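User: I would like to learn how to read individual features in a model like this one. Could we go through them in turn?

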Amino acid sequence: MPVPAGSAGAAATYHTGVLVAGGGIAGLSAAVSARQSAAEVILIEKAPPEGRGGNTRFADAQMRFPHEADEFGPRDYTAAGMFDDLMRISRGRANAGLIRTLCDNARDTAEWLTAMGLEWEPGYPHTAGYRRSPKSGGQGLVDLLYRRLEGLGGIVAYETCAIDLIVSGDGSIAGVRARSPEGIVDIYASGGVVLASGGFQANVEMRVRYLGRFADSLILRGSRYNTGEGIRMAIAAGAQPAGQWGDYHSAVLDARSPKIECGVTALYNYQMGIFIDQSGHRFLDEGEDFRDHTYVKFSKFIVEQAGGEAWCLFDQKAYQREEFARAWRPVGPPVEANTLKEMAEKMGLPAENIMDTIANFNAAVQPGDYDLDRLDGKRTIGITPPKSNWALPLDTPPYVAIPVTGGITFTFGGLKCDTLARVIDTRGQVMAGLYAAGEPMGEIFYYNYPGASSVIRGAVYGRIAGRDAAARAV
Ligand SMILES: Cc1cc2nc3c(=O)[nH]c(=O)nc-3n(C[C@H](O)[C@H](O)[C@H](O)COP(=O)(O)OP(=O)(O)OC[C@H]3O[C@@H](n4cnc5c(N)ncnc54)[C@H](O)[C@@H]3O)c2cc1C
């Protein structure tokens, strides 16, 4: 930012059309769309340039959006089908208006990204074919959008952290106060402020306060900078909290992952094997549904109800599959053993229990066609918990085991918003000049998470917010 004249001791002051706080997918989409609508834009990003991009840069950034059957997936995926998936997985609690808008705009927004130069490839295997993945991953996606924003004349200020909202006498939001390398700055935005500063997953105080004591030690999958300022300052200015404040997104992680910013160290192949707890027993129906619809809740189950750490056990029928490696980026080599007894010793678990567990499991497996691309109904009978799909006996050594735990990706609690991404106050009224996009929005996810929905959520609502704020800018 050019340095303005200012008196010593006073906060430097800037003026723009649209101020965006946060430079992940939501903030970048807001900033680019506001620039495309001819508004002046400043995007402030808390991280230094090498840390920009938030959670988005750590992600593969796979997205679900409606599309016809194509070379990446054999089935049509409709906006109605996407709506049903998102509502079902939230057990009907998601805000239907917000979800409808997300689903209705997802394809157009994906095409908008394509028009900016994003190239796609198929998403993870065995997800019913609706995922698409940017070839360059999340890092490439954010780099592309930063280039695009700067090419359009948008200003990016790094190491600049929004700390408060500037509220006008009429109650509308006039701008943001931020901590920057040049000190405290006040940035006024005639069109509005878009809060795209992520959730509070990197803030241990808020994690424990809203999620519980166990949450202090969760592995943080993504950005260290998402510490909840955007949500907190909006609430302090009168915004209405919304969504499931006591819940969060997670994933079944390799337990050897780094504790912070570990990136994609999740196991997305557990449906090919079985989970074993510290006593040597199974504890989940690994084949309950497509992996995309179970990985978040399974991860939380491991953390909160299975002692924090467990194992995923496979035999060579699974391990040799080409998709096995595509669904797991190893943090270290798996534990391998030729017998279950030897495996139990290596895992440090009671050998008799593991041998019993596998014998009972193998005996319960029913005949049928094994097909990871559909809910194949190839299941167990007579054991608890069952494995409802993709059940094959574990009988082909060497056995392979990976230690697993859960982690935190982002939080579900956020701000009440309408379908234009405008923030709603505690009286139920629109807070003029204040928008939220991406993780700070509440009422999208509850309990569980439909895979590949958060990046597209950020893109859709960021784009909407940027456009609407630009229309208000003078
Ligand atoms: C390892 C991993 C894999 C994932 N895989 C997928 C996937 O394949 N598909 C999917 O849909 N989702 C995935 N997710 C989730 C998804 O990436 C995020 O939820 C989504 O990208 C969030 O976008 P966002 O723009 O809301 O936030 P972010 O991308 O996190 O951006 C927030 C930005 O705000 C900045 N910021 C924070 N506080 C302030 C402040 N006070 N002032 C200014 N700036 C601030 C941060 O530095 C950051 O750059 C994954 C996440 C991780 C970590």
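User: In which loop does E443 lie?

Analyst: This is a predicted model, and in it E443 lies in the loop between β22 (430–436) and α13.

User: Is E443 buried or exposed?

Analyst: The cut-off for buried is under 20% relative accessible area. E443 has 12% relative accessibility, so it counts as buried.

User: Which loop holds A61, and what is its phi?

Analyst: A61 belongs to the loop between α2 and β3 (63–64). Its phi is near 65°, a positive value in a residue other than glycine. A61 has a relative accessible area of 2%, and it is therefore buried.

User: Let us turn to peptide bonds. Which kind of bond joins T384 and P385?

Analyst: For a peptide bond, omega is the angle to read. The bond that joins T384 and P385 is cis, with omega at about -10°. P385 is located in the loop between α12 (351–364) and β17 (399–405).

User: What is omega for the bond from P397 to P398?

Analyst: Omega is near 0° there, and the peptide bond from P397 to P398 is cis. P398 is placed in the loop between α12 and β17.

User: Which side chain reaches the backbone oxygen of P385?

Analyst: For a polar contact, the limit to keep in mind is 3.5 Å between N or O atoms. The side chain of R282 reaches the backbone oxygen of P385 at 2.6 Å. That side chain of R282 also reaches the backbone oxygen of P386, at 3.1 Å.

User: Where is R282 found, and is R282 buried or exposed?

Analyst: R282 is in the loop between β14 and α8. With a relative accessible area of 10%, R282 is buried.

User: Where is the place of D292?

Analyst: D292 is in the loop between β14 (274–276) and α8 (295–305). Its relative accessibility is 0%, so D292 counts as buried.

User: What joins the side chains of D292 and R131?

Analyst: The side chains of D292 and R131 are joined by a polar contact of 2.4 Å.

User: How many residues apart along the chain are H249 and V296?

Analyst: H249 and V296 are 47 residues apart along the chain, with 6.1 Å between their C-alpha atoms. H249 is found in strand β12 (residues 248–249). The relative accessible area of H249 is 3%, so H249 is buried.

User: Now the ligand. Where does the ligand sit?

Analyst: The ligand sits in the largest cavity.

User: Which of the 38 residues around the ligand come nearest?

Analyst: Of those 38 residues, E45, T56, N226, E439 and S454 come nearest.

User: What is the distance from an oxygen atom of the ligand to an N or O atom in the side chain of E439?

Analyst: That distance is 2.7 Å. A polar side-chain atom of S454 also lies 2.7 Å from an oxygen atom of the ligand. For S453 it is a polar backbone atom that is 3.4 Å from an oxygen atom of the ligand.

User: How much of the accessible area of the ligand does the protein cover?

Analyst: On its own the ligand has 1000 Å² of accessible area, and the protein covers 98% of that.

User: Which elements each supply at least two residues of the shell?

Analyst: They are α1 (25–36), α2 (54–58), β7 (161–167) and α13 (454–472). The largest share, 4 residues, comes from α2.

User: What is the make-up of the shell by class?

Analyst: The shell around the ligand has 15 nonpolar, 18 polar and 5 charged residues.

Methods. Residues are numbered from 1 along each chain as its sequence is written. This is a predicted model: local features need pLDDT of at least 70, side-chain atom pairs count only at pLDDT 80 or more; totals for chains, interfaces and linings use all residues. Side-chain values use heavy atoms; hydrogens and water are left out. Buried means under 20% relative accessible area, exposed over 50%, partly exposed in between (1.4 Å probe, protein chains only). A polar contact is a pair of N or O atoms within 3.5 Å; within protein, one must be able to donate a hydrogen and the other to accept it, and residues adjacent in sequence count only if both atoms are side-chain atoms. A residue is near a molecule or strand if one of its heavy atoms lies within 4 Å of it. Accessible areas come from the Shrake-Rupley method with a 1.4 Å probe; for residues, only the protein chains shown count as cover. On a 1 Å grid over the protein atoms alone, a cavity is a set of points where a 1.4 Å probe fits but cannot get out, and a pocket is an open set with protein on both sides within 12 Å along at least five of seven lines; lining residues have an atom within 4 Å of a point. A molecule sits in a cavity or pocket if more than half of its atoms lie within 2 Å of its grid points. Ala, Val, Leu, Ile, Met, Phe, Trp, Tyr, Cys and Pro count as nonpolar, Asp, Glu, Lys and Arg as charged, and the others, Gly among them, as polar.
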